Amino acid sequence: MFSDDTQVLREISKKIEKIPPLPKIPQQAMQLMMKSEFNMKELSDIISQDQALTIKILRWANSAYYGIGNPVNSIHQAVTYLGEHIIWSLLLTSSISSVLMQPLPGYDMEVGSLWKHSLHTAIIARELMIKRDEKMAEEAYTGGLLCDIGKIAMDVAWQEHKAENVDTVKEEDSPLDFIFVEQSLFGINHTIIGSKIAEIWGFPTTFQETIRYHHTPSRSEKNPIITSAVHISDVIVNCLGIGIGIDGLQYYFEPFAMQQLGLDYKDIVDFMDNVVDLLKEIEDLMGFPLTSS
Ligand SMILES: [Fe+2]
């Protein structure tokens, strides 16, 4: 799977192979949506084959957060009213929650920590983009939800490596960001692994690139604005201490990302002042805790 053949890479490859595929119905629906043209009736027909998924999407569609106003009673109505970009985000959120829910002992992350971190990163990334463009906002949401997926496989390497070694590497190499710690210790990091998992799952290359460069958005060629939004959101969620592990506060805002989004540090501070209230507000509007699946 990787060009180098070290013990740690073999273990990571084995772990990637064990990650379950996305559930069948959401995956079929998302594959349909990845085509250049598709029929919304066909999409709702696929979704309606999964009763639990249908109920979940109807619940979201009827929440105040999406502000439709009129009651939505059928999945076809939900698909039509919410539109393809929001439906994509809901399908992904629903299908990936169980994968992200697992504990990551190597990262010192308990059950639900990665899910909580990813969901908050997704929501804040969307908020950063929503005034610019709805499609880009939902792409930023997807990027936020998937950005740390590589940690699921990278965790096996951290389980072998004692967390105290992070400080040693920091002193020796003075890394600016946690991915450089991983790169120094293991010759790979969770962004590379995450983009590989997204490729295996069949996600478009733009999402693979956002995952690959969410710590270093200035290296993103295809998708610098979305990748920058995910980067800033990820750092904000880390600063807020939501779902963090041994990587703790070892993240920084890349100036390139701030420029891409036209933000300065005062904007970020103001945004962070409001973000906790915003997350609470979204939770109230959704009518259930964000951390529930
Ligand atoms: Fe990350």
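Predicted model: local features only at pLDDT ≥ 70, side-chain atom pairs only at ≥ 80, totals over all residues.
**Ground rules**

I number residues from 1 along each chain, as its sequence is written.

**Entry 1: the chain overall**

I looked up the secondary structure first, and the protein chain comes to 15 helices and 0 strands; helices (H or I, at least four residues) and strands (E, at least two) are DSSP runs numbered from the N terminus. I then looked up burial, and of the 293 residues of the protein chain 43% count as buried. A residue is called buried if 20 or more other C-beta atoms lie within 10 Å of its own, exposed if 12 or fewer, and partly exposed in between, with C-beta atoms placed from the backbone. For contacts, I take two residues whose C-beta atoms, placed from the backbone, lie within 7 Å. Among contacts between residues at least 6 apart in sequence, 62% join residues at least 24 apart.

**Entry 2: the largest nonpolar core**

I next looked up the largest nonpolar core, which has 72 residues; such a core is a set of buried Ala, Val, Leu, Ile, Met, Phe, Trp, Tyr and Cys residues joined through C-beta atoms within 7 Å. Ile47, Ile57, Ala125, Ala140 and Ala229 touch the most other members. Helix α5 gives the most to this core, with 11 residues, and the core draws at least three residues from each of domain 1 (22-95) and domain 2 (102-287), where the bounds come from an automatic or database domain assignment. For Ile57, leaving aside neighbours within four places in sequence, I noted contacts with Ile47, Ile75, Ala78 and Leu90.

**Entry 3: two helix pairs**

I compared axes, which are lines fitted to C-alpha atoms, for helices over the stretch in contact, with angles running from 0 to 180 degrees between N-to-C directions. The axes of α2 (residues 24-33) and α3 (residues 40-47) come within 9 Å and cross at roughly 170°. That makes α2 roughly antiparallel to α3, on a scale where angles under 35 degrees count as roughly parallel, over 145 as roughly antiparallel, 65 to 115 as roughly perpendicular and the rest as oblique. Here Ile25, Gln28, Ala29, Leu32 and Met33 of α2 meet Glu42, Leu43, Ile46 and Ile47 of α3. These residues divide into 7 nonpolar, 1 polar and 1 charged, where Ala, Val, Leu, Ile, Met, Phe, Trp, Tyr, Cys and Pro count as nonpolar, Asp, Glu, Lys and Arg as charged, and the others, Gly among them, as polar.

For α5 and α7 (residues 134-146), I found an angle of about 10° with the axes 9 Å apart, and the two helices are therefore roughly parallel to each other. On the α5 side the contact includes His85, Trp88 and Ile96, and on the α7 side it includes Glu134, Tyr141 and Leu145. By class, this contact has 6 nonpolar, 4 polar and 3 charged residues.

I asked how far α8 (residues 151-160) is enclosed: 8 of its 10 residues are buried, so the helix is largely enclosed by the rest of the structure. The buried ones are Lys151, Ile152, Ala153, Met154, Asp155, Val156, Ala157 and Trp158. What covers them includes α1 (7-18), α5 (75-101), α6 (113-129), α10 (178-186) and α11 (190-200).

From α10 I picked Glu182, which counts as buried because there are 27 C-beta neighbours inside 10 Å. Beyond four places in sequence, Glu182 is in contact with Met154, Ile188, Asn189 and His190. Glu182 and Trp158 are 24 residues apart in sequence and 8.8 Å apart in space, C-alpha to C-alpha.

From α11 I picked Ile193, which is buried, with 29 other C-beta atoms within 10 Å. Not counting residues up to four places away in sequence, Ile193 touches Ile12, Ile16, Gly150, Ala153, Met154 and Ile188.

**Entry 4: the loop between α5 and α6**

Gln102 lies in this loop and is partly exposed, with 16 other C-beta atoms within 10 Å. Leaving aside neighbours within four places in sequence, Gln102 is in contact with Val111 and Ile152. Asp108 lies in the loop between α5 and α6 too, and has a positive phi of about 60° although it is not a glycine. With 15 C-beta neighbours inside 10 Å, Asp108 counts as partly exposed.
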